[in-house]
Amino acid sequence: MNTHHGRNIKIFAANSNVELAKEITKYLGVPLGNARVTKFSDGEISMNIYETVRGSDVFVIQSTCSPVNTHLMELLIMIDAFKRASAAQITAVIPYYGYSRQDRKVKARDPITAKLVADLLTTAGAHRVLTMDLHAGQIQGFFNIPVDNLYSMPLFAREYIDRGFTGDETVVVAPDLGSVTRARNFAHKLNAPLAIIDKRRPRVNVAEAMNIIGDVKGKRAILIDDMIDTAGTIQQGAKALIERGQAREVYACATHAVLSGPAIERIKDSPVKEIMVTNTIPLPPEKQIDKIRVISVAALFAEAIERIYEGLPVSILFD
C-alpha cells in the first residue's frame with residue numbers, strides 16, 4: 001500500500017478529530033504522520049512537520065467543527081506547509097465541512113461562506129477534497145478541484161436493518177422539506193414508507209408550526225437529517241410525531257453531531273428514544289449521554305482514501 005506509483009502515502013491530522021484520524025490510519029496500516037499544530041503566545045497557529053513529504057500523496061484529516069475558525073485555519077496552514085514542502089498530491093479530508101449552511105444568499109447582502117471556504121482550501125494548495133454528507137450537494141460545484149462526498153446513510157441503514165426497523169411498521173421522516181430527497185432514499189433502503197414534517201421557520205434557529213404529511217400513527221418513526229445543531233428541529237419534530245401524528249416511538253439519526261447551545265438538554269427532554277450519530281465530529285464527555293449512540297465512519301474514510309490513492313473509483317462506496 002505504501003509504494004504505489006513510486007509515491008508513498010502519508011496521513012496527517014490537525015487537532016479537531018485526532019481519534020478518528022488514528023482509527024483511519026489503523027485500518028490503512030500506516031502510521032499517523034509526525035506533525036504538531038500549536039499556538040504562538042499571541043494565538044497565531046504554529047505548525048511543525050517532523051518528516052519529509054517530498055513527492056508523497058498527503059492526506060490531511062481535519063473536521064472544521066467548533067471552534068470552526070481555529071480548525072479551518074489549522075487546516076489551511078497545514079495544507080500550505082505541505083505544498084511548500086513539495087508534496088505531490090494533497091487531499092483535504094474534511095469529515096465535517098463547516099460553514100456548509102451558508103451556501104446561498106437567503107436575503108440581501110448575505111455572504112456565501114461555503115464558497116469562500118472552498119476558495120481558501122484551493123488557494124492553500126489542496127488538490128482534492130474528501131468529505132461526508134455535505135449540507136447541500138451543490139457545494140461540490142463551488143470547488144474547481146475534485147470533491148468526493150461520502151454518505152453515512154448506508155451505515156445507518158445497516159444498523160436499523162439489523163434491528164428489524166424495516167417495512168410498514170416503520171416510517172422514515174424528513175424533518176423539513178429540504179431533507180425530503182435524503183429521507184426518501186433512506187425509506188427506500190429500509191423498505192418503509194415516508195412522512196414529511198412541514199415546518200415554518202420565523203427566525204434563525206427558531207422552528208415552529210409543524211404539519212405532518214403522511215401517516216405515522218402507531219408506527220416507529222425515524223427522523224433523518226444531515227446534522228443536529230441546537231436540536232430544536234429534532235425536539236419539536238419528535239413531539240409533533242408523538243402528539244399530532246400519534247407515532248408509537250421516535251428514533252433519529254444524523255451524520256454530524258454539532259450539538260451546540262441547548263442541544264443536549266433538548267435531547268434529554270425530547271421524546272426521542274435514541275439518536276444515532278457518527279464520529280465526523282468528536283463528542284466531548286459532557287455530550288456523551290445515554291440517548292446518543294455513535295457509529296464510526298473510519299472504515300468508510302479509510303476505504304475512500306485507499307481508493308483515491310490507488311486511482312480507483314470512490315463511487316462504489318455510495319451503495
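Leucine 259 sits in the loop between β12 and α7 (263–269), where helices (H or I, at least four residues) and strands (E, at least two) are DSSP runs numbered from the N terminus. Its phi is near 45 degrees, a positive value in a residue other than glycine, and at 3% relative accessibility leucine 259 counts as buried, a term that means under 20% relative accessible area, with exposed over 50% and partly exposed in between (1.4 Å probe, protein chains only). The model is predicted, so local features need pLDDT of at least 70 and side-chain atom pairs count only at pLDDT 80 or more, while totals for chains, interfaces and linings use all residues. Residues are numbered from 1 along each chain as its sequence is written, and side-chain values use heavy atoms, with hydrogens and water left out.

**Backbone geometry**

- Glutamine 246, placed in the loop between α6 (232–243) and β12, also has a positive phi, near 55 degrees, in a residue other than glycine, and at 45% relative accessibility glutamine 246 counts as partly exposed.
- The peptide bond from serine 66 to proline 67 is cis, with omega near -10 degrees, and proline 67 is found in the loop between β4 (57–61) and α2.
- As background to these features, most residues other than glycine have a negative phi, and most peptide bonds are trans.

**Helix contacts**

- The axes of helix α1 (residues 18–28) and helix α8 (residues 298–310) come within 8 Å and cross at roughly 60 degrees; axes are lines fitted to C-alpha atoms, for helices over the stretch in contact, and angles run from 0 to 180 degrees between N-to-C directions.
- α1 and α8 are therefore oblique to each other, given that angles under 35 degrees count as roughly parallel, over 145 as roughly antiparallel, 65 to 115 as roughly perpendicular and the rest as oblique.
- The crossing of α1 and α8 is right-handed, a crossing being left-handed if the near helix is turned anticlockwise from the far one by less than a right angle, and right-handed if clockwise.
- On the α1 side, Leu20, Glu23, Ile24, Tyr27 and Leu28 meet Ala298, Ala299, Phe301, Ala302, Ile305 and Glu306 in α8, contact meaning heavy atoms within 4.5 Å.
- The residues of this contact of α1 with α8 comprise nine nonpolar, no polar and two charged, where Ala, Val, Leu, Ile, Met, Phe, Trp, Tyr, Cys and Pro count as nonpolar, Asp, Glu, Lys and Arg as charged, and the others, Gly among them, as polar.
- Helix α2 (residues 68–84) and helix α3 (residues 113–124) have axes that come within 8 Å and cross at roughly 25 degrees, and α2 and α3 are therefore roughly parallel to each other.
- In that contact, Leu72, Leu75, Leu76, Ile79, Asp80 and Lys83 of α2 take part with Val117, Leu120, Leu121, Thr123 and Ala124 of α3, giving eight nonpolar, one polar and two charged residues.
- The axes of α4 and helix α5 (residues 180–190) come within 10 Å and cross at roughly 40 degrees, which makes α4 oblique to α5, and the crossing of α4 and α5 is right-handed.

**Aromatic pairs**

- Rings of Phe, Tyr and Trp (its six-membered ring) pair if their centres lie within 6.5 Å, and planes under 30 degrees apart count as stacked, over 60 as edge-to-face and the rest as tilted; by this rule the count comes to six aromatic pairs.
- Tyrosine 151 and phenylalanine 318 form an edge-to-face pair, 5.1 Å centre to centre with 75 degrees between the planes.
- Because tyrosine 151 lies in the loop between β7 (147–150) and α4 (153–162) and phenylalanine 318 in the segment after α8, this pair ties together parts that are 167 residues apart in sequence.
- The rings of phenylalanine 165 and tyrosine 251 have their centres 4.9 Å apart and their planes at 65 degrees, so this pair is edge-to-face too.
- Ring pairs link Tyr160, Phe165, Phe186 and Tyr251 into a cluster.

**Buried residues and their contacts**

- Threonine 170 lies in strand β8 and counts as buried at 0% relative accessibility; leaving aside its neighbours within four places in sequence, threonine 170 is in contact with Phe165, Ala192, Pro193, Lys219, Arg220 and Ile222.
- Phenylalanine 143, found in the loop between β6 (128–132) and β7, counts as buried at 7% relative accessibility.
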